[in-house]
Amino acid sequence: MTSVELGVGTVEYRDTGGDGPVMVLLHGLLMDASLWDAVVPLVVAGGFRVVAPTLPLGAHRHAVRADADLSLPGQAAIVGELLERLDLHGVTLVGNDTGGAVAQLAAGHPRVGRLVLVSCEAFDNLPPGLTGRAVALLGRLPAGLFRAFMQQMRLRPMRRLPIAFGWLTRCGDAVTRGWMEPLLSTPGIAADTVRVLRSIFRDRSVLVRAASELRGYDRPALVVWAAQDRVMPPEHGRRLAELLPQGRLVEVADTDTLIPLDQPGRLAELLTTDFSVVPAD
C-alpha cells in the first residue's frame, strides 16, 4: 500500500503498476481494499494494471479532515481526484457493495472508460436491506457509544449475524475481522465512521437520481450480480443492465453480495475475458 494526500486527507491505495489498461477497484462500507486481494493477481495476469484505494468508508487507517465530505457524492469526488492525481485514463471502474454506489456517481468522470457494477446499492435500496438498516441505526449513536457497541464485532458469531456480515459473504470472515480493527482501536476512525454513516444515509434518493444519469451513459458497462443476493435485490441488477445503453448482466451462483470474496475466480474471468480489456480514450 502507498498513500496520496487528497482534499479529504491521506488516502491509501494499492497500485500494481504496469503498462496495461487500468482497472480501479472500489470496496464497500466498513471495508478496505483487501476486499479485492484474491481478484487482483488474476486481473493482473489478464493484462491489467490495478489500482485499489481504501476510501474513507469506515475501515480506513488515517482519519480524514473535519470538513471532509463523506457522502456518496463526496466519495465519488475522492475517486475522481485520485484518478487525476495518478493521471489515469480510460479506466475500467469497478465497484462492489457501497463501492458500486460510488462508481455509479463517478461513472461520468472523463477519465472513466468503462463501468462494472458488482452487487451494489442501487435505486431506492439505501440503506441496503436488513444489514444496511441496522448499520444506519447504529450511525445515530455518538461516536464513543458507537465504538463501544461495535466492540462486539471482535466475536465471530456477531460478525456472522445478518445485521453484520452474515448475509454479505459466505467465506470471508478472516477478512471482515481485519476490516473492524481500525474503528475498534482508533477513536478518530470511529468518529469518521459515524460521519460516514450519517452522510451516506442522509440523502436516500441519491441513487435514484444517479440511475437517471446512467440512462445516458455512452460507454461499455457490465453488471455482475449474486443470483440469490439477500441484501442487493437481483431485480436491481437486471434493471441496471437494462437502463445502461451498453449494459450487460451476468448473474453469479454460490455467492453472497461480496463476490470478490466468495467467487474471485469467476469475477476475475468476467472482468478480463468476457469484458473487453481495450482501454477507452
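The model is predicted, so local features need pLDDT of at least 70 and side-chain atom pairs count only at pLDDT 80 or more, while totals for chains, interfaces and linings use all residues. Residues are numbered from 1 along each chain as its sequence is written, and side-chain values use heavy atoms, with hydrogens and water left out. Helices (H or I, at least four residues) and strands (E, at least two) are DSSP runs, numbered from the N terminus.

Axes here are lines fitted to C-alpha atoms, for helices over the stretch in contact, and angles run from 0 to 180 degrees between N-to-C directions. Contact means heavy atoms within 4.5 Å.

Strand 1 and strand 2 form a hairpin with two residues between them. They pair in the antiparallel sense over five bridges, and V4 stands opposite V11 in strand 2. Strand 2 (residues 9-15) also pairs with strand 4 (residues 49-54), again in the antiparallel sense, over four bridges. Here E12 stands opposite T54 in strand 4, and Y13 stands opposite P53 in strand 4. In a regular strand the side chains alternate between the two faces of the sheet.

Two residues other than glycine turn up with a positive phi. For L30, in the loop between strand 3 and helix 1 (40-45), phi is near 60°. For D97, placed in strand 5, phi is near 55°. L30 counts as buried at 7% relative accessibility, and so does D97 at 4%. Buried means under 20% relative accessible area, exposed over 50%, and partly exposed in between (1.4 Å probe, protein chains only).

L244 is buried too, with a relative accessible area of 3%. It lies in the loop between helix 10 (234-243) and strand 8 (247-252). Leaving aside neighbours within four places in sequence, L244 is in contact with L115, L214, Y217, A221 and V223. Of these, L214 is 30 residues away along the chain, yet the C-alpha atoms of L244 and L214 are separated by 5.9 Å.

Finally, a helix pair. Helix 5 (residues 143-150) and helix 7 (residues 173-185) pack at an angle of about 140°, with their axes 9 Å apart. That makes helix 5 oblique to helix 7, because angles under 35 degrees count as roughly parallel, over 145 as roughly antiparallel, 65 to 115 as roughly perpendicular and the rest as oblique. F146, R147 and M150 of helix 5 make the contact with M180, L183, L184 and S185 of helix 7.

Terms used:
Two strands pair if DSSP finds at least two bridges between them.
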